Amino acid sequence: MTAIKHLLFDLDDTLYTDASGLFNELGLRIEQWTLQALNVNETEAKALRRRYFTTYGTTMAGLLLEHPEVDIDDYLDYVHDLDITRYLNPDPRLAEMLSRLPAPKSVFTNSIASWAERITQQLGIRGYFEHIFDVRAVGYRSKPDRHAFNWVLATLNLPGEACVLLDDRVSYLQGAAAAGIHTVLVRKGGQVTDGVDFAVDHVLDAEPIIQQLLQSV
């Protein structure tokens, strides 16, 4: 087995969970932007959001493919313009876990870098991550697009087998697995399946798995 050289962590619903209503507000902003930009009503905006996410993996991907005329940077900036301090607090237990994992770490998110910066700062864990790989960095080709994984691996100068990704979406992990990356599903009630090597209910539960992988050669 190739030695593990880098740990990749998804951000939203992985490093933190939606226990406070943050995702609800984020979803509302997605629908508000869609309503205004595409000149549709509220019901249509909700339906488009669901369809794009189901079909393409993210609302952004659906907008890029079906509405190339829209300003996708305006979309990304608008939907992430939230006061996260109303929803999130520092997470000392997560910080302690990250401090015990003796490998370089990065955030790999379909969100934007400024959002990831603010979230990780608010959680008190920003200093544990060498890089934030966001959707703009990978040319708006978000997970599970193979290009996104290839770009991250090329930037790290590592093969997939030397990396681990922790993420809450099975489809994203399957994209990672296709690039040779070891995968850990972080979702309550999640199950091991094709493309998912391990499954845990919460990110804190993943520490023994990661330690085991780090010690395997």
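These legends walk you through several close-up views of one predicted model. Residues are numbered from 1 along each chain as its sequence is written. In this predicted model, local features need pLDDT of at least 70 and side-chain atom pairs count only at pLDDT 80 or more, while totals for chains, interfaces and linings use all residues; side-chain values use heavy atoms, with hydrogens and water left out.

**View 1**
Welcome to the open sheet, whose six strands follow the order 3-2-1-4-5-6 with parallel pairing. Helices (H or I, at least four residues) and strands (E, at least two) are DSSP runs, numbered from the N terminus, and two strands pair if DSSP finds at least two bridges between them. Strand 3 (131-133) and strand 6 (198-200) sit at the edges with a single partner strand each, so one side of each has no neighbour in the sheet. On average, neighbouring strands are turned by 20 degrees against each other, direction ignored. For this and later angles, axes are lines fitted to C-alpha atoms, for helices over the stretch in contact, and angles run from 0 to 180 degrees between N-to-C directions.

**View 1. Strand 1 and its two partners.**
Strand 1 (residues 6-9) is joined to strand 4 by four bridges, and the two run parallel. Here His-6 stands opposite Cys-163 of strand 4. Strand 1 also pairs with strand 2 (residues 105-108) in the parallel sense, over three bridges, and Leu-7 faces Lys-105 of strand 2. In a regular strand the side chains alternate between the two faces of the sheet. Look for His-6 and Leu-8 pointing one way and Leu-7 and Phe-9 the other way, all of them buried. Buried means under 20% relative accessible area, exposed over 50%, and partly exposed in between (1.4 Å probe, protein chains only).

Strand 5 (residues 182-186) is mostly covered, with five of its five residues buried. His-182, Val-184 and Val-186 point one way, whereas Thr-183 and Leu-185 point the other way. Four bridges join strand 5 to strand 4, and these strands run parallel; His-182 is the bridge partner of Val-164. Towards strand 6 there are three bridges, again in the parallel sense, and Val-184 stands opposite Phe-198. Helix 8 (residues 170-178) lies across strand 4 (163-167) and strand 5, running at about 175 degrees to strand 5.

**View 2. Two helices that cross.**
Two packed helices are described by the angle between their axes and the distance between the axes. The axes of helix 1 (residues 22-38) and helix 2 (residues 42-56) come within 9 Å and cross at roughly 115 degrees. Contact, meaning heavy atoms within 4.5 Å, involves residues including Gly-27, Ile-30 and Leu-38 of helix 1 and Ala-45, Leu-48 and Arg-49 of helix 2. In the loop between these helices you will find Asn-39, which has a positive phi of about 55 degrees although it is not a glycine. Asn-39 counts as exposed, at 71% relative accessibility.

**View 3. The nonpolar cores.**
A nonpolar core is a set of buried Ala, Val, Leu, Ile, Met, Phe, Trp, Tyr and Cys residues joined through side-chain atoms within 4.5 Å. The largest one has 55 residues, and Phe-9, Leu-22 and Trp-115 touch the most other members. Helix 1 gives the most to this core, with six residues. Leaving aside neighbours within four places in sequence, the contacts of Leu-22 include Tyr-16, Leu-82, Tyr-87, Trp-115 and Ile-119. A second, separate core holds 17 residues, among them Ala-148, Leu-165, Ala-179 and Val-196.

Leu-64 is found in helix 3 (residues 59-66) and is partly exposed, with a relative accessible area of 31%. Not counting residues up to four places away in sequence, Leu-64 touches Ile-72 and Tyr-140. Tyr-140 belongs to the loop between strand 3 and helix 7; its phi is near 65 degrees, a positive value in a residue other than glycine. Tyr-140 is partly exposed too, with a relative accessible area of 25%. Pro-144 is found in the loop between strand 3 and helix 7 (146-156), and a cis peptide bond, with omega of about 10 degrees, joins Lys-143 to Pro-144.
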